[in-house]
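Open the model in your viewer and follow the stops below in order.

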Amino acid sequence: MKVFVSFDGDHIGRMVGRASLADKPEEVSKIAQAIDRGNAIWRSWAESHGGKVINIGGDEGRLEVEADHLQELPKIRDQYSSAVGSTVSVGVGTKLSEADKSLMAAKMQGGDRIQLYTEEVNELLEELQDKEEGAKLYDEYLDPDSGPIKQAQPGMN
């Protein structure tokens, strides 16, 4: 059975932002190269098991793999963390939306974890939307009246 795996590096955007605001282009480049190495680990893992990459961009991605290989996720997560210098959160589901919801639940619980999708994930997301970081993620991805598509509407001057 195929499953979806979503991953996102924890606090990597913050690392890039700090280096950029400190006028350290070498540091930004170093972080970007580390992210590329980490992404290569995810890509290699999926493809070596007959899976496929749906997308990888920046410090996040989505894969489709056989469920038989999920027991390897802690090892892959550790390899990514070593390569990038930051922890990573992972969500798993039988649908892409479930994997992404699981990823958000993992992030909203502090990150650095693997979250499998269950019905409790939806309950957890509802619970966590009241917390500051949880509310930000909830608004960005799950609120039908918010998010990037709604916010991208052109303004009138």
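The model is predicted, so local features need pLDDT of at least 70 and side-chain atom pairs pLDDT 80 or more, while totals for chains, interfaces and linings use all residues. Residues are numbered from 1 along each chain as its sequence is written, and side-chain values use heavy atoms, without hydrogens and water.

Select residues 96-108 (helix 4) and 119-128 (helix 5): they pack at about 45°, with axes 10 Å apart. Helices are DSSP runs of H or I with at least four residues, strands runs of E with at least two, numbered from the N terminus. Axes are lines fitted to C-alpha atoms over the stretch in contact, and angles run from 0 to 180 degrees between N-to-C directions.

Next, show the side chains of Lys101, Ser102, Met104, Ala105 and Met108 on helix 4, and of Val121, Asn122, Leu124, Leu125 and Leu128 on helix 5; these make the contact (heavy atoms within 4.5 Å).

**The largest nonpolar core**

Now go to Val5 and Trp42, which touch the most other members of the 19-residue largest nonpolar core. Such a core joins buried Ala, Val, Leu, Ile, Met, Phe, Trp, Tyr and Cys residues through side-chain atoms within 4.5 Å; buried means under 20% relative accessible area with a 1.4 Å probe, protein chains only. Color helix 2 (25-48): helix 2 gives the most to this core, 5 residues.

Apart from this core lies another, of 8 residues, including Met104, Met108, Tyr117 and Leu128.

Conventions:
Buried means under 20% relative accessible area, exposed over 50%, partly exposed in between (1.4 Å probe, protein chains only).
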